[in-house]
Amino acid sequence: MDPPKVKGIGYAVTISALWGGTGIWVALLTALPVSSTLLFRFVTAAALLAPALLLSGGIRKPTRDGYGAGALLAAYYLFATVGFYFSNVVSVSLLVSTSPFFVMLIRVWRREPLSGQEIAGGMLAFTGVLVLIGGGAATTAGRLPALGNFCGLGAALTMALYSLAGPRLRGQGWTVVLISCLLGALISLPFALPALTLPDWPQWGLFVGLALFSTLAPGYLYPLACQRITPTTATVIRLSTPFFTALFAWLILGQPLGLHHLLGAPLMLAGVYLTLPRASSPA
């Protein structure tokens with residue numbers, strides 16, 4: 001295998017592991033109100049990214065597509081954070097991974113033709129979602145799993161829309177990430193102010209970890225992976241994210257997998273894999 005491809009695969013696996021840790025950071029911050037968690041996630045990421053971009057001259061004037069992509073990315077972070085806060089982190093990680101399924105639904109809405117494989121994949125993924133949500137609602141007590149799972153699906157939808165906007169961004173990736181952090185902070189602020197709780201020093205450390213390892217680093221590495229391997233290959237590797245989440249949840253949070261995970265995950269991930277676009281065969 002060519003060295004660039006090996007490096008690209010390495011980047012993609014690293015990204016999956018980093019994204020797999022997102023729910024763990026958020027779960028460790030549930031002592032704070034969810035509004036404070038949202039606000040300080042965005043503020044910390046913006047505070048780390050803005051000076052770096054200013055010093056390196058990496059900020060570019062955003063286009064209209066750049067502003068739109070920033071809004072979608074902010075919505076993704078909002079949905080994902082609330083989902084991880086209120087529901088089982090493995091369940092939400094699996095639901096977020098269904099973004100290619102939503103890309104397929106968008107194609108249906110646009111009246112684009114689908115192959116039989118894609119239709120079968122969509123049905124499998126939808127069945128897996130039903131199993132996961134139904135089992136999670138029955139086993140998660142004392143929280144708001146329905147809200148968390150709904151937000152996990154919201155994150156998948158906004159990520160699907162963001163991925164469709166990606167080809168029009170023309171190298172504005174870091175600027176889009178900064179826009180998303182600033183916009184997310186502005187949206188979170190009015191909800192956080194009435195019950196604002198300042199983090200203590202260990203919690204600030206968790207916010208820095210969340211910003212560096214599950215927000216900024218994947219945002220930098222994902223385009224590099226797509227430059228060395230195809231975006232479809234990178235997306236397939238990204239389906240390993242829930243497995244990293246499950247591993248971290250077991251090691252750090254002591255959360256075992258439930259029967260609904262073992263039944264729903266294979267259906268969902270196999271279905272999502274079948275909905276991924278395939279390169280057409282040469283004539």
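Biologist: Which helices each supply at least two residues of the lining of the second largest pocket?

Modeller: This is a predicted model. The lining of that pocket includes Val 34, Ala 75 and Ile 187. Helix 3 spans 34-56 and helix 9 spans 173-192. With at least two lining residues each, the helices are helix 3, helix 4 and helix 9.

Biologist: Which helix gives the largest share of the lining of the second largest pocket?

Modeller: Ala 75, Leu 78, Phe 79 and Val 82 are among the lining residues. Helix 4 runs over 64-86. The largest share is four residues, and they come from helix 4.

Biologist: How many charged residues are in the lining of the second largest pocket?

Modeller: The pocket holds about 190 Å³ of space. By class, its lining has eight nonpolar and two polar residues. The number of charged residues is none.

Biologist: What volume does the largest cavity have?

Modeller: The cut-off here is 30 Å³ or more, and one cavity reaches it. The volume of the largest cavity is about 260 Å³.

Biologist: Which residues lie nearest the centre of the largest cavity?

Modeller: The lining counts 19 residues. By class, nine are nonpolar, eight polar and two charged. Nearest the centre lie Trp 19, Tyr 76, Val 96, Arg 238 and Thr 241.

Biologist: Which element gives the largest share of the lining of the largest cavity?

Modeller: Elements that give two or more residues include helix 5 (89-96), helix 6 (99-109), helix 11 (231-238) and helix 12 (241-253). The largest share is four residues. That share comes from helix 4.

Definitions and conventions
Residues are numbered from 1 along each chain as its sequence is written. This is a predicted model: local features need pLDDT of at least 70, side-chain atom pairs count only at pLDDT 80 or more; totals for chains, interfaces and linings use all residues. Side-chain values use heavy atoms; hydrogens and water are left out. On a 1 Å grid over the protein atoms alone, a cavity is a set of points where a 1.4 Å probe fits but cannot get out, and a pocket is an open set with protein on both sides within 12 Å along at least five of seven lines; lining residues have an atom within 4 Å of a point. Grid points are joined across faces, edges and corners, and a volume is the space filled by probe spheres set on the points. Ala, Val, Leu, Ile, Met, Phe, Trp, Tyr, Cys and Pro count as nonpolar, Asp, Glu, Lys and Arg as charged, and the others, Gly among them, as polar.
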